[in-house]
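Subject: Structure handover

Hi,

Here is the structure I promised to pass on. My notes follow below it.

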Number of protein chains: 4
Amino acid sequence: MAFTEDEYRDEENRLEHSPVRRRLFIIIFGTSTYIGKLFDIILLVLIGVSVLAVMLESVSYIQATYGAVLRIIEWVVTIFFTIEYIARIWVVKKPAQYIFSWLGIIDLLSILPTYLSFIFVGSQGLAIIRALRLLRVFRILKLMRFVSEAQVLGKALVTSRHKITVFFFFLLILVFILGSIMYLVEGGKGGFNSIPLSIYWAIVTLTTVGFGDITPTTVLGQMIASVIMLLGYSIIAIPTGIVGAEIYKGVSGKQAANVNTNRLCTSCGVEGHRYDAEYCRNCGAKLNHSESK
Amino acid sequence: MAFTEDEYRDEENRLEHSPVRRRLFIIIFGTSTYIGKLFDIILLVLIGVSVLAVMLESVSYIQATYGAVLRIIEWVVTIFFTIEYIARIWVVKKPAQYIFSWLGIIDLLSILPTYLSFIFVGSQGLAIIRALRLLRVFRILKLMRFVSEAQVLGKALVTSRHKITVFFFFLLILVFILGSIMYLVEGGKGGFNSIPLSIYWAIVTLTTVGFGDITPTTVLGQMIASVIMLLGYSIIAIPTGIVGAEIYKGVSGKQAANVNTNRLCTSCGVEGHRYDAEYCRNCGAKLNHSESK
Amino acid sequence: MAFTEDEYRDEENRLEHSPVRRRLFIIIFGTSTYIGKLFDIILLVLIGVSVLAVMLESVSYIQATYGAVLRIIEWVVTIFFTIEYIARIWVVKKPAQYIFSWLGIIDLLSILPTYLSFIFVGSQGLAIIRALRLLRVFRILKLMRFVSEAQVLGKALVTSRHKITVFFFFLLILVFILGSIMYLVEGGKGGFNSIPLSIYWAIVTLTTVGFGDITPTTVLGQMIASVIMLLGYSIIAIPTGIVGAEIYKGVSGKQAANVNTNRLCTSCGVEGHRYDAEYCRNCGAKLNHSESK
Amino acid sequence: MAFTEDEYRDEENRLEHSPVRRRLFIIIFGTSTYIGKLFDIILLVLIGVSVLAVMLESVSYIQATYGAVLRIIEWVVTIFFTIEYIARIWVVKKPAQYIFSWLGIIDLLSILPTYLSFIFVGSQGLAIIRALRLLRVFRILKLMRFVSEAQVLGKALVTSRHKITVFFFFLLILVFILGSIMYLVEGGKGGFNSIPLSIYWAIVTLTTVGFGDITPTTVLGQMIASVIMLLGYSIIAIPTGIVGAEIYKGVSGKQAANVNTNRLCTSCGVEGHRYDAEYCRNCGAKLNHSESK
């Protein structure tokens, strides 16, 4: 639940009457005040520490030596997160809205595993999901630039989602067919002992990952493999082309904006003035900014 | 045999006199009526089920336990497909046209393997080819958007097919030469024990797949391998560039909408007229073609 | 030594007086006459056959069975090539020019190995170099389209050669440094037992080939490896971007030159005027701005 | 510490009074005089030789045979570099500026390891860092073209650094999550015996490197692996698209000429008017066409 400036103000005013909640609200959700920033930075550090703890805990020999310490760290963090989570619910106007927002769900998921580890042993590994909370870094540092960049990328992916879908659909059918052919050709020998496994191999090969745990042994198999590889080597051009084209449109948006805006001159009706134009480049009349859309 | 709206109408009208075939036609080929849609969805589900069945059947332990069930599923689906196939032939005006259309061939190929499995054991694995029938999904959901996207991609690939061909031709000669050199350098040791195999290895390496089942052991061999890898790492830029450029042209058709040429108007000195401009867009004077460069 | 139409004519005329050489010249270098085409096609077939022969000969068990046959094929082809080579030298005006032309050198290299195989055993494998002769296919089929496409690619590579060079230079220094670091980190264990070998591994990793014959075992080593992989995964964008950009410039040269807007001229109905056009470029009539959409 | 022409002149003049230092300065930093060039070329050769020596020294059997020779070479080079380093400090006006410049630090780092090898055995391997000195080649050959190309690339990377950062940030979180999931799915078997190791594997897979030293064995694991591979195969499009777009903007600077020309308004001095602009977009004054270049 990221707030826009205005939403944030509204919330703040609303809490006029209850100073405690208001203060908490400013600390937890605010990033303008010194203490608000501090809180967020502490939060980030804690997230980082706990993610590290969860990771190290999975390493047997570290676990053996520092297991106790790591458990303590994890619990301290988890309790802090729990309090923070409750606080967030308490201070916001529409708790439901927060709880079911992306950030809200992530916040919850990042505390659950530790508690679940009582019931299901090993499930604390899931706590790694709190790595997602690191995404808050963008909000805190108010990296509007980064956000806008991310939006350019996001937009590129969104606008190209249909092409990507089509591409993936064909890709899937392709690996289904190729995998089955390989299964028949290799005759269930050397790892190709089932169609699903052969499809897995086809994906490994087409994506040019090539683990090498399964490799064709027959001559025909190697021929087909060669075709698959050359195919994978070439069709990677398609997603790259799609996204690349969209991104280019994104980054050259500003450029294009100058070339061809639909700003209109009210006196001579000439279109396509630059956004920063003061006067019509055609008749010299003063341009009315409200015309720009 | 995908119908355009008009073709579809014609067919429908043609069958005016024979209500049964007409009804069947609307159900099988039509997607506008409720029952027509239903039929297609059932068809899709059956295709999905049978593809899954064929896949699972190839997994030895699943085969051992549920073999019988899977066989039944496959036969039921195959018989349904057979009836559908015959029905399609029966209802269309020009059966031949359907039979030899892409969809028609796929429909046939997707029922043959099961019958062939009487003669050739294991050939039912070929039934996986019916995965291709999943392509019908595009027709059914009438995803015009997707289709148009697919067309953009298709167009990009078609327009760049000559470049791709040239690229592949050079690629093939390249791996032939490189493979042979490696064969000579590695002297038939460690997997490089024949030129074809060395060429296979060259493809594995050039496409950056790198299975690792065959790897150079001599110093010189590793040097050449390094060159091949760097080469493959770089020339992937070529197919990517080709397709990317075409796709970009596809998506940016509109954007490039007002580019400047350096054609000059002799009377008012305005630059940037279109090559096919007859009159200056600014002062209306006749343009002298010799000015265009 | 590919002839331009004119050069070809000159040669032909020059040989006016010696009918035999002239005839031979037209057959060998010409592709317009029926027999000239036939000669070239036979040549191509022979090249293909001999390349195949050389390849198969390297496969031990095929060699054991059909060794004799393959030797004969190779000798027949080699003798034919030798005669052809001598003939080419004989009929052209400036033999030296042909001998030291690319095609001339390839022609020579494609016959030498077989003769050398008397002195150096196994050197006949080098005969694979005659695969290069397959490039003649472009000349024969007179695929001007392909040639022009190839030129677009060639131009793209030529114009971007400096960028590529810079890129490769940095890449080399990069793998030198990274390889040495890995050598120190892994301490000569598990394949990293020399700097050159570690550099080889760095190339394998950076180019995302990843054979897996050498892999880091220490934690620090795996961390550095991760960095190298992510680096390689990202910087592949650079050659791709470079070549892609050049190719795009190549393919979009024409397009940019005159793109349509959908502005309409009310008097002559010509579409595609620039947004800022005052007068119709076709009939010179004043344009009505309301037409622009 | 690369000098601009002017800086270089200043330095030279400054040393007017002390002929020796002046002479040395011209030899070491200068590249215009014959001896200056010679010095730099000798330097390059020595760097190359020493890099080779360090590399070969790490190869056990070469070390065994030519160890002594290589040690001598390395010492000779190191002593030469040391003298050169001191000389550089002596002749420049602001030694500090040189010492803490990139080139200065590299120069120091390239001599330290050899001396350190007294204290820490094996540390001479670090001497490979002097490979970085090879970058001087650009200065010497005064390959302004290459430099400008490098700048285009550099600019492309700089302008896209925010997008790249965002991309990497998401990539890291992605491998963290994916790695942990795989750790839980594979249950610490077959190499996935800790989260860090699983993350390492996730990177190996996502970047399509695929060493194959660790591979999923469970069905679910292979499914997730397939998703990771397809993901990695597709999202490589993002960095490629980002950098490609920037590079394209770089190389197509001219094409974008319309956006930002250097047409000047004589009355208010605002630049960047469209070629077809009649009046200044800023002050409305009539534009003089002769200003456009």
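Arg21(A) lies over the face of Trp90(A), 5.6 Å from the ring centre. In chain D, the charged end of Arg21(D) sits over the ring of Trp90(D), also 5.6 Å from its centre. A charge sits over a ring here if NZ of Lys or CZ of Arg is within 6 Å of the ring centre and within 35 degrees of the ring normal.

Some ground rules. This is a predicted model, where local features need pLDDT of at least 70, side-chain atom pairs count only at pLDDT 80 or more, and totals for chains, interfaces and linings use all residues. Residues are numbered from 1 along each chain as its sequence is written, chains are lettered from A and ligands numbered from 1 in the order in which they are written, and side-chain values use heavy atoms, with hydrogens and water left out.

Next, aromatic pairs. Over all chains, the count comes to 28. Rings of Phe, Tyr and Trp (its six-membered ring) pair if their centres lie within 6.5 Å; planes under 30 degrees apart count as stacked, over 60 as edge-to-face and the rest as tilted. The pair Phe80(A) and Phe81(A) is edge-to-face, because the ring centres are 6.3 Å apart and the planes stand at 65°. Ring pairs also bring in Phe39(A), linking Phe39(A), Phe80(A) and Phe81(A) into a cluster.

Burial comes from relative accessible area (buried under 20%, exposed over 50%, partly exposed in between; 1.4 Å probe, protein chains only). Phe80(A) is partly exposed at 27%. Phe81(A) is buried at 1%.

Now a backbone point. Thr208(B) is not a glycine, yet has a positive phi of about 60°. Thr208(B) lies in the loop between helix 11 (195-206) and helix 12 (219-235) of chain B. Helices are DSSP runs (H or I, at least four residues), numbered from the N terminus. With a relative accessibility of 6%, Thr208(B) counts as buried.

Thr208(D) is placed in the loop between helix 11 (195-206) and helix 12 of chain D. Its relative accessible area is 5%, so Thr208(D) is buried.

Last, Ser226(D). This residue is found in helix 12 (residues 219-235) of chain D. Ser226(D) is buried, at 10% relative accessible area. What does Ser226(D) touch, not counting residues up to four places away in sequence? Tyr200(A) and Ile203(A), both in chain A. Contact means heavy atoms within 4.5 Å.

Best wishes

Note on methods. Helix = DSSP H or I, 4+ residues; strand = E, 2+ residues; numbered from the N terminus.
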